Amino acid sequence: MASPTTTNGRSTESPRTETLPDQVVMPLLDRIVRQSLDEDYEVVAGRKAAEARPRPRRAAGRPRDRLSPAKPPPPPGRPRRVAAAVMAVFGVIVTIAAVQTSRDAPEATASRASLVLQVQARRDNVAGLQARLERLRESTTDLRTTVAQGTEDQQALAARVERLEGRTGFAPVTGPGIRITVDDAPQGDVAQTVRDSDLATLVDGLWDAGAEAISVNGKRLTALTAFRNVGPAIHIGITPLVPPYTLLVIGDPDTLAANLLDSTFGQRWYALKDSLGFVYDIKTDNSLTLPAARPRRLRAVRLLTDETKSSAQEEVSTP
Amino acid sequence: MIAAVGLLVGVILGLVLQPDVPIGLEPYLPIAVVAALDAVFGGLRAYLDGIFDDKVFVVSFFSNVVIAAAIVYLGDQLGVGGQLSTGVIVVLGIRIFSNVAAIRRHLFHA
């Protein structure tokens with residue numbers, strides 16, 4: 001084990017000519033292989049051999065060899081028993097190590113396997129989540145486009161609804177326009193009174209001239225309004241009108257009167273007015289306020305399918 | 001023969017008792033086993049060489065085990081436990097192989 005002992009042990013067995021020790025001249029692995037057997041065995045064997053001879057000349061100078069003859073020789077049964085005891089210890093150690101390892105093995109394997117499974121599961125999960133993220137992102141983009149489209153449509157529709165409400169009389173409107181006063185001919189006979197068809201002609205002419213909203217004596221006209229003569233009085237729907245008739249017309253005040261003259265119904269109205277001698281007065285007004293028409297009760301509901309949609313839209317946009 | 005019986009007894013004892021190794025000692029048990037294996041094969045070779053001595057065997061056995069475990073323990077404390085145990089196992093493995101080769105030469109004269 002210790003190098004001086006080694007060198008001495010070797011020199012007792014076979015004296016070497018080299019002066020340098022083994023560990024200097026020999027490569028490490030070679031030395032390990034060469035000295036694989038504990039040198040002590042050789043040392044002790046050499047000592048025993050020296051004891052066996054009555055006068056060992058070679059080991060005479062060594063102090064340990066001088067002491068060893070004083071010791072009694074070990075009983076022959078002892079080495080085997082001690083060796084057996086050590087072997088038993090070795091067996092116990094080996095068994096303990098093996099048992100411990102095999103006891104830990106399933107645990108280690110199981111934990112490892114479960115970790116691998118967990119990793120795989122998590123990886124799958126992550127992949128699934130990423131795919132889902134992608135899908136959601138795509139659908140978010142789609143939805144955003146849809147929302148933008150919807151907002152645009154909604155704004156367009158709101159504008160259209162506002163326009164239509166103004167046009168159709170479902171909302172009160174305010175704006176510049178003209179004020180027309182119509183009355184029966186003064187001191188005229190019955191034939192010279194203003195009749196429903198006369199008013200209808202004037203209103204049609206105004207619509208043609210570009211009127212946006214018309215009211216007669218505070219009654220808003222819509223696409224569904226009809227003038228009717230019931231006896232001497234003109235009725236709008238079921239409301240009787242009392243002359244003079246005041247028409248508030250919202251439109252471009254600069255062009256409305258001129259356009260009225262140009263339109264077919266307008267010319268007819270002027271012809272009527274001149275031949276029958278109606279009182280007719282037209283003034284521009286910068287701010288007219290027209291009330292909303294009375295909401296009509298819903299009478300029939302029709303499901304809007306694709307086919308009826310276009311025709312319905314046409315119906316709505318016609319007035 | 002009596003050594004083989006001792007080994008058998010030890011194995012049986014270990015199997016029957018199955019003592020729990022303290023957690024702190026567990027990492028050093030395999031290296032101790034390898035060191036003990038080296039000592040056992042060395043002893044067997046010495047026996048076949050005819051120079052077996054019980055005292056040398058006992059001392060080499062326990063010193064091998066203790067030193068191997070101590071080296072690995074030191075390595076663990078220094079943070080190079082893995083490398084040191086590799087070195088110990090390489091050296092002990094070479095010794096075991098060459099001892100077994102010598103035993104083989106004795107047994108089979110080859």
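**Terms and cut-offs**

Reader: Why is Asn217(A) called partly exposed?

Author: Its relative accessibility is 28%. Buried means under 20% relative accessible area, exposed means over 50%, and partly exposed is in between, with a 1.4 Å probe and protein chains only. So 28% puts Asn217(A) in the partly exposed class.

Author: Before we go on, a word on the ground rules. This is a predicted model, where local features need pLDDT of at least 70 and side-chain atom pairs count only at pLDDT 80 or more, while totals for chains, interfaces and linings use all residues. Residues are numbered from 1 along each chain as its sequence is written, chains are lettered from A and ligands numbered from 1 in the order in which they are written, and side-chain values use heavy atoms, with hydrogens and water left out.

Reader: Where does Asn217(A) sit, and what is its phi?

Author: You'll find Asn217(A) in the loop between β2 and β3 (219-220) of chain A. Its phi is near 50°, a positive value in a residue other than glycine. Most residues other than glycine have a negative phi.

Reader: How many helices and strands are there in chain A?

Author: Chain A has ten helices and eight strands. These are DSSP runs numbered from the N terminus: helices are H or I with at least four residues, strands are E with at least two.

Reader: What makes a set of residues a nonpolar core?

Author: They must be buried Ala, Val, Leu, Ile, Met, Phe, Trp, Tyr and Cys residues joined through side-chain atoms within 4.5 Å. The largest has 26 residues, of which Ile180(A), Leu206(A), Leu247(A) and Val249(A) touch the most other members. Its largest share, four residues, comes from α7(A). A second, separate core of 18 residues includes Leu37(A), Ala83(A), Ala39(B) and Ala46(B).

Reader: How do you know that Asn99(B) is buried?

Author: Its relative accessibility is 0%, so Asn99(B) counts as buried. Asn99(B) lies in helix α4 (residues 81-108) of chain B. Leaving aside neighbours within four places in sequence, Asn99(B) is in contact with residues including Ser36(A), Leu37(A) and Arg45(B).

Reader: Why is the pair Phe57(B) and Phe61(B) called tilted?

Author: Rings of Phe, Tyr and Trp (its six-membered ring) pair if their centres lie within 6.5 Å; planes under 30 degrees apart count as stacked, over 60 as edge-to-face and the rest as tilted. Here the centres are 6.3 Å apart and the planes are at 50°, so the pair is tilted. Both residues lie in helix α3 (residues 54-78) of chain B, four residues apart, about one turn of the helix.

Key: Contact means heavy atoms within 4.5 Å.
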